Amino acid sequence: MKAACHRSLWIARITFLEAIRQRFFAFLFILGAALVLASGAVRVFDFGHSELKFLADFGFGGLFLFGSILGVVMTAQLFFAEIDNRTALTLLAKPLSRAEFLAGKFLGIWAVLGVFVLVLAALLAAMLGWRAAELAQLAVERRLAPPECDLAGLALYASLQWLRLGVIVAMVLAVAAAARTFLFAVVVGALAVLAGQLQWLSQELLLKPAETGLGHAALWLLTHLLPNLQQFNLGDALVLAPHQVTAGTLPWVFLSGVAYVVAFLVLATFLFRRREI
Amino acid sequence: MRRALPWVGLFALFLAVGVLADQSWRRARLALPEIGRRELEPTVGQGVLLGVLGGFRTVVADFTWIRGYVLWERKNDRAGTELLMRAACALDPRSRFFWENTGLAVANDMGHWEIRRRGGYAKVPKEIQDHLLRGYAQRGMVLLDEGIVSTGGDAALLATAALVAELQLKDLGRSADYYRRAAEARAAPWFAARFAAANLWKEGRRREAYVWYRAHWLKVLRLAEDGSPDDLKELRDMEHELRLPLLQRLPQQSWEVSQPGFVPRTNEGVTAPSPVGGQSRK
């Protein structure tokens, strides 16, 4: 077991180094960071929201959009690079199981996405902290209540986003394990992410008693087989209105995220074992 | 059979995870008011999808609002304007700005657009005009009510609803109720309590107006830094016009005599309205 972990971590380390050197990662990383930093400059164009919400939303958007693109493309790219360059053959000829190989790939890519989330969340925290302090000062001068901004909530949101990206990486690995081409893996992976983001629609329908019989059964299956990625988008509530998140919500969300990661990695391993390289 | 076993196992695993995620979503959903809004469905194909998916909700809401505002300025596409403005509200239901302006646009403007579309004020009979204006005012009120719920009872939104009820629907009782709720809300506008009492008074519910205003003054307004002297003056006028015996009136405040226009009250000569204050009740 210890040796298996060691081998997986070795693969993870190589994958991490390979991913972090990619220009694609650097490009999206810089774009995301620039977006967060630019939010301070474009906040004058906002109306209808509190300033902090506008700033926070830029950060949340960057984490969601660029994180998802990175999760899908980088996973498929790094997986197929091993297959296309035949390095997977060499690696798997060693005492390295396919499950260990996939676990290593997952951990390496997830670690890179962790760096992405950490840096963007830190930049966002700095922007929010700076502006929240200014607004609190103004509120004191005008005898108003200071705006609510919970940076601990931001840390929780960042960890939720990292977990969401983990689910995406595991999902794309499962698709890539069965796919023949990089393009197919990217397209199907992206569609799976989109379906996951919109999965709540079927869940909403399921809650309505009007749906019965075959339709109900199909909806039930759909909601229980597709991951619900919308449940990780608790940023507004966690950062700007922490009282809206009821007790016990976060442990359930974390638990379901970890369960999805494990389930998709099991599926990926099962599919990869059946695959001829 | 044996070959199908792993697939059955995987299926069972995903179902188990799905049941777990179902429980998780039921809890998480309560913190996501933007989710599941029917108003977004017709606009999803018009660039609103990103906002529905996750991040950039405020940015998408801003752009949606601008598009709605452009149509509002043209004054000829009622359905489009309402659709986009409602989509902005749905994308960010906590924003007072969107609810307030959408409610006002529907309640104040759209009835007039409809009259103009049907040929103008000279051509459309007065009864139809009134019916249209009232109908759109009601629709605006529904939007404002929805906004009040979504923003957790925003005081300014309550005051806007009170204004629409008073000016467009000519419903003073309803207006007074909104003003009363605005006065009792957090960050209440300074005029809300006075207007609530004034509208109840104008509707003929004079005693009720005084009792509520007095209780509110004692509970809230009196605690303000200046003791809310204008509201007290209004209450004194009400006491005078209701011909309340001295013992039933608010006790005289120590600082009251130094107020400009202070008139000592007695039980005598209360038939004429007071020379000072009381303007909002006329």
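Of the contacts in chain A with a separation of 6 or more, what percentage is accounted for by residues 24 or more positions apart? With that settled, please look closely at how α2(A) and α3(A) pack.

A: This is a predicted model, in which local features need pLDDT of at least 70 and side-chain atom pairs count only at pLDDT 80 or more, whereas totals for chains, interfaces and linings use all residues. Residues are numbered from 1 along each chain as its sequence is written, while chains are lettered from A and ligands numbered from 1 in the order in which they are written.

In chain A, residues 24 or more positions apart account for 81% of the contacts with a separation of 6 or more, a contact being two residues whose C-beta atoms, placed from the backbone, lie within 7 Å. Chain A contains 11 helices and zero strands, where helices (H or I, at least four residues) and strands (E, at least two) are DSSP runs numbered from the N terminus. Of its 277 residues, 47% are buried, that is, they have 20 or more other C-beta atoms within 10 Å of their own, 12 or fewer counting as exposed and values in between as partly exposed. The C-alpha trace of chain A spans about 70 × 50 × 35 Å along its principal axes.

Within this fold, α2 (residues 23-42) of chain A packs on α3(A) at an angle of about 170°, their axes lying 8 Å apart; axes are lines fitted to C-alpha atoms, for helices over the stretch in contact, and angles run from 0 to 180 degrees between N-to-C directions. Because of that angle, α2(A) is roughly antiparallel to α3(A), a term for angles over 145 degrees, with those under 35 called roughly parallel, 65 to 115 roughly perpendicular and the rest oblique. From α2(A) the contributors include Phe24(A), Phe25(A), Leu28(A), Gly32(A) and Ser39(A), and from α3(A) they include Phe54(A), Phe58(A), Gly62(A), Ile69(A) and Met74(A). By class, this contact has 14 nonpolar, five polar and no charged residues, with Ala, Val, Leu, Ile, Met, Phe, Trp, Tyr, Cys and Pro counted as nonpolar, Asp, Glu, Lys and Arg as charged, and the others, Gly among them, as polar.
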